Amino acid sequence: MAGEGVLEFVEVDADRSVTDLQLVLKRARRLRGVVRSATGEKIVGAIIEARPWADGKQSKGWRSAGPIRRTTTADDGAFALSGLPLESFRLSCRAAGYLADRRIAVPTNAGYQEIVLQRAASLAGTVVDSASGEPVTKFSIRLLAPAGTK
């Protein structure tokens with residue numbers, strides 16, 4: 001939603017009188033949304049970051065600068081970011097126990113965004129020698145996705 005203003009930084013010395021100061025706010029927008037799992041559960045504590053498109057093009061990826069805005073989801077999975085640019089930008093979202101979603105395109109007219117995260121796989125256990133039953137301390141495990149999956 002357009003209309004919010006953003007002021008980057010203003011510093012005025014306490015011992016000086018300023019009478020000709022003019023503040024110009026850049027137009028900005030606000031984005032609200034929710035983060036949930038693929039099964040519909042609201043995800044609490046997910047970190048959402050908004051970043052500009054690199055050179056204004058989708059295919060170029062992120063700019064090297066940090067996020068322009070960052071927030072964390074509330075107890076109901078909801079989030080709000082304000083002071084966002086009027087042009088398109090990207091969101092990234094991550095939460096413990098879930099795969100990160102780092103390339104969420106947000107068009108210029110969006111005011112609400114639903115983000116769905118997939119549960120991360122986990123593997124736990126002990127590798128043991130089949131003859132002795134003793135734990136094996138040096139080994140490697142390679143996890144492969146089933147054919148036809150991403």
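As a predicted model, it contributes local features only at pLDDT of at least 70 and side-chain atom pairs only at pLDDT 80 or more, while totals for chains, interfaces and linings use all residues. Residues are numbered from 1 along each chain as its sequence is written, and side-chain values use heavy atoms, with hydrogens and water left out.

**View A. Arg36 and Glu114 form one of the four salt bridges in the structure.** A salt bridge here is a side-chain nitrogen of Lys or Arg within 4 Å of a carboxyl oxygen of Asp or Glu. For this pair, the N to O distance is 2.6 Å. Arg36 sits in strand S2 (residues 26–37) and Glu114 in strand S9 (residues 112–117), so the contact ties together parts 78 residues apart in sequence. Strands (E, at least two residues) are DSSP runs, numbered from the N terminus. Glu114 is partly exposed, at 41% relative accessible area; the cut-offs are under 20% for buried, over 50% for exposed and in between for partly exposed (1.4 Å probe, protein chains only).

**View B. Glu49 meets Arg70 in a salt bridge.** Here the N to O distance is 2.5 Å. Glu49 belongs to strand S3 (residues 47–54) and Arg70 to strand S5 (residues 69–72), 21 residues apart. Glu49 is buried at 3% relative accessibility, whereas Arg70 is exposed at 53%.

**View C. Arg94 also pairs with Glu49.** Their closest N and O atoms are 3.8 Å apart. Arg94, in strand S7 (residues 89–94), is 45 residues from Glu49 in strand S3. Through shared partners, salt bridges join Glu49, Arg51, Arg70 and Arg94 into one network.

How values were computed. Helix = DSSP H or I, 4+ residues; strand = E, 2+ residues; numbered from the N terminus.
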